[in-house]
Amino acid sequence: MNVKASFSSSVLNIIRMIRCLGSAEKMTSSQIVEIQQDRFSRQLRHVLRYSEFYRNFYRKAGIDIERPELIQLKDLPVIDKDLMMDHFDEFVCNKQLRKSKLEDFIKDPDSVDKKYKDEFKVIHTSGSSGRIGIFVYGANDWAIAEAAVYSRISKNKLHFIGKAKHAFIGVTDGHYAGISLAKSGPKWLFDFLPVDMNQPLHPSLVRLNDFQPECLSGYSSGVYLLALEQLKGNLKIHPTRILCSADPLTSEMRETIRNAFGIMPYNYYAASESLCMGIQCDRFNGIHLFDDLHIFEIIKENGEEAKPGEPGNLVMTNLYNKTQPLIRYRMNDNLIPSENSCECGWPFRSVESIAGREEEFLFFTDPAGNRQFIHPIVFVEFFAPGLEKFQIIQTEPNMLVLNVIIKGNKEEAIQAIEKRMDTILHQKELYDFVHYKINVVNDIPNDPQTGKFRLIIPYLNS
Ligand SMILES: [Zn+2]
């Protein structure tokens, strides 16, 4: 790691960032708009200098890139994950980064918990679009994300004696956004317990009872599962802060979690594209979006900006990632801007809810007649080298067909997909009676009725 990167990763730098984020929290909404504008113009100059993709893309769209001072955000064309992944090597602002090398890094089991070239944090996901995405954070980008998580999300209370205890429940065996961020805290400040949702639950309950976390975070469905166990008396923990993310936190789940642990869970909005997009405040009126670090545009189908109460598609500009900058990047999330401003004092705008992440559960029947399932997040975060896009169709009660688009060596990619599928089926103890077939295809069309992509299509009568 070079000197600059090593300073960026230091506790000193993170404390500096926390201070800077704290001062933004005290600003007025119009001051936030000013820093947004300032950061946007700097980000634009940065990509025009370092990203060949953005230069060509904007030039082709008729943008006068020689005069960036005249360019407004709304003049720029929208991008998406497909476009970014198709031009990855020209897209990123650091020439050390190559898509093929990053794929090798992700598939190496020894790379979990490590930084690429000792400097870059690498996150991968397929997201609900079904297309594999790779997101790289440089040392300073990651420090900003970490600082935002400590100061606005986890709010871990540090102790003079002993360490703060944090447990995370979710998918834990890869470079996924949730686990990567949850365990990135310095080891001399935090004790961390990862709980894998795909492993049998009982041993995890024993570990949690022994660990007694102060902060419990993870996938909403995972925290909900733990709440049910707490209500049954199998789990006896007393966290003082609960954070739910990744999949939808329904009102029923929120109530169950509150009944089980005696505190309200916070709905936390994060994605691989940015690990700290927003969170509920103590008043629990919608979700505040951190618009000092991003520009969030909520766009209706007709292309206009959504008004309060109207749903729209999120187009996000990340203002802090200088390694893989996302400018007007279309996400798969639907947001509804809030009607009223919150009185908590935060200058950040809020949204009522975030939808569009609901994917389907797959249900199976085991030989004893019991119902078993695979959580959709398993497929939302499915990764195999060479796999470009995929869709899972349950064609019979215990039969799955995977339609896959492959780039590069077909045999190697199929082997990697089979290996990952077998692991999933073994973990869920479905391997003996659930079968699957891999179909290599050139295209996976969207649902003709909705026009949207369906990652998982369950069997109709299951
Ligand atoms: Zn608020």
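Biologist: Before we start, how are residues numbered here, and what does the pLDDT of a predicted model limit?

Modeller: Residues are counted from 1 along each chain, in the order in which its sequence is written. The model is predicted, so local features need pLDDT of at least 70 and side-chain atom pairs count only at pLDDT 80 or more, while totals for chains, interfaces and linings use all residues.

Biologist: Okay, which domains is the protein divided into?

Modeller: There is domain 1, covering 1-264, and domain 2, covering 362-457, with bounds that come from an automatic or database domain assignment. The C-alpha centres of domain 1 and domain 2 lie 26 Å apart.

Biologist: Let's look at helices. How do the axes of α2 and α8 cross?

Modeller: Helix α2 spans residues 11-25 and helix α8 spans residues 139-154, and their axes come within 9 Å and cross at roughly 60°. That angle makes α2 oblique to α8, given that angles under 35 degrees count as roughly parallel, over 145 as roughly antiparallel, 65 to 115 as roughly perpendicular and the rest as oblique. The axes are lines fitted to C-alpha atoms, for helices over the stretch in contact, with angles running from 0 to 180 degrees between N-to-C directions. As for the names, helices (H or I, at least four residues) and strands (E, at least two) are DSSP runs numbered from the N terminus.

Biologist: What about α11 and α12, at what angle do their axes cross?

Modeller: Helix α11 (residues 220-232) and helix α12 (residues 251-261) have axes that come within 8 Å and cross at roughly 45°, and α11 and α12 are therefore oblique to each other. The crossing of α11 and α12 is left-handed. In α11, Ser220, Val223, Tyr224, Ala227, Leu228, Gln230 and Leu231 meet Met253, Thr256, Ile257, Asn259, Ala260 and Phe261 of α12. By class, that contact of α11 with α12 has nine nonpolar, four polar and no charged residues.

Biologist: New topic: what is phi for aspartate 113, and where is that residue found?

Modeller: Aspartate 113 has a positive phi of about 80° although it is not a glycine, and it is found in the loop between α7 (99-107) and β1 (121-125). Aspartate 113 counts as exposed because it has 10 C-beta neighbours inside 10 Å; a residue is buried if 20 or more other C-beta atoms lie within 10 Å of its own, exposed if 12 or fewer, and partly exposed in between, with C-beta atoms placed from the backbone.

Biologist: And aspartate 118, is it buried or exposed?

Modeller: Aspartate 118 is exposed, with 12 other C-beta atoms within 10 Å. Aspartate 118 is found in the loop between α7 and β1, and its phi is near 65°, a positive value in a residue other than glycine.

Biologist: Now for strands, which residues does isoleucine 279 touch?

Modeller: Isoleucine 279 is in strand β8 (residues 274-279) and, not counting residues up to four places away in sequence, touches Arg152, Ile153, Tyr266, Tyr268, Tyr269, Ile287 and His288. With 24 C-beta neighbours inside 10 Å, isoleucine 279 counts as buried.

Biologist: Last one, where is isoleucine 392 placed, and what does it touch?

Modeller: Isoleucine 392 has its place in strand β16 (residues 387-396) and is buried, with 25 other C-beta atoms within 10 Å. Leaving out residues up to four places away in sequence, isoleucine 392 touches Phe379, Leu400, Leu402, Leu455 and Ile456.

How values were computed
A crossing is left-handed if the near helix is turned anticlockwise from the far one by less than a right angle, and right-handed if clockwise. Two residues are in contact if their C-beta atoms, placed from the backbone, lie within 7 Å. Ala, Val, Leu, Ile, Met, Phe, Trp, Tyr, Cys and Pro count as nonpolar, Asp, Glu, Lys and Arg as charged, and the others, Gly among them, as polar.
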